[in-house]
Amino acid sequence: KRQVAVKVLYGRDESFVRRFQREALAVGALSHNHILPLYDFGEQSPWYYLVMPYIGGGTLRDHLIKRKRLSLEEAASFIDQIASALQYAHDHGVVHRDVKPSNILLRPDGYAYLVDFGLAKAMISKDALTCDGALLGTPEYMAPEQSNGLNDYRSDIYSLGVILYQMLTGRVPFTAESPVAISLKHIQIMPIAPRELNDEIPQSVEEVILKAMAKDPRERYQEAQALY
């Protein structure tokens with residue numbers, strides 16, 4: 001008698017099935033206040049499903065479309081919640097790989113849940129690689145190294161830095177007409193300084209954002225909680 005959301009995925013590839021099961025078990029083992037719990041998963045081939053609590057407040061993406069730009073206090077609240085979720089996951093050996101506003105669900109009171117841990121990797125199959133690349137991650141939020149198929153917990157920290165940039169400036173740092181062009185910008189170009197887009201951002205906060213988005217993973221914060 002719980003109100004739930006059922007996420008349905010399609011896959012016939014045997015390696016997809018194994019990855020899906022492994023990732024679902026890993027996520028199911030995570031227990032944190034800001035990670036959406038997984039109630040169940042199963043299959044009715046070729047369909048695979050995840051059962052999760054239904055969260056009625058929409059996503060952070062929806063919130064940003066309405067609000068454009070958030071206050072420092074509201075942005076700090078979201079970073080606090082999501083960084084704590086990522087820190088817990090990283091401490092337990094789980095990397096998200098696709099941290100973005102549409103993977104952050106909100107209750108009406110602003111309480112946030114991070115969802116879809118690891119599913120970006122689970123959904124990569126031979127068939128998916130022939131598509132437009134959307135399943136490999138979301139280019140606007142992907143760390144430079146992810147374009148080469150490399151990522152670890154510091155890639156999640158980069159993505160969280162991009163979200164902070166967007167929350168305080170009202171835009172993502174890089175846009176282009178194709179995913180490849182966006183990825184190249186992440187690799188090659190420095191973003192416009194946040195304070196040029198919003199002069200209410202303190203210098204110290206701008207430095208935090210730019211450190212989180214360092215091109216070299218070794219120059220970023222090495223823990224999500226350190227970013228917060």
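Colleague: What relative accessible area does W47 have, and how do I read that value?
Modeller: Buried means under 20% relative accessible area, exposed means over 50%, and partly exposed is in between (1.4 Å probe, protein chains only). W47 has 45%, so W47 counts as partly exposed. Keep in mind that this is a predicted model, where local features need pLDDT of at least 70 and side-chain atom pairs count only at pLDDT 80 or more, while totals for chains, interfaces and linings use all residues. Residues are numbered from 1 along each chain as its sequence is written, and side-chain values use heavy atoms, with hydrogens and water left out.

Colleague: How many aromatic pairs are there?
Modeller: Rings of Phe, Tyr and Trp (its six-membered ring) pair if their centres lie within 6.5 Å; planes under 30 degrees apart are stacked, over 60 edge-to-face, and the rest tilted. The structure has 2 such pairs. Y10 and W47 make an edge-to-face one, with 5.0 Å centre to centre and 65° between the planes. Y10 sits in strand β1 and W47 in strand β3, so this pair ties together parts 37 residues apart in sequence. Y111 and Y113 form a tilted pair, at 5.2 Å and 55°. Y111 is partly exposed at 23%, whereas Y113 is buried at 12%.

Colleague: What is the strand order in the sheet?
Modeller: Strands (E, at least two residues) and helices (H or I, at least four) are DSSP runs numbered from the N terminus, and two strands pair if DSSP finds at least two bridges between them. Here 3 strands form an open sheet in the order β1-β3-β2, paired antiparallel. β1 (4-10) and β2 (40-44) are the edges, each with a single partner strand, so one side of each lacks a neighbour in the sheet. Between β2 and β3 (residues 47-53) there are 5 bridges; D40 has V51 as its bridge partner in β3.

Colleague: Which residue follows α5?
Modeller: G170, with a positive phi near 85°. α5 itself covers residues 153-169, and 16 of its 17 residues are buried.

Methods
The expected span of a helix is 1.5 Å times one less than its number of residues.
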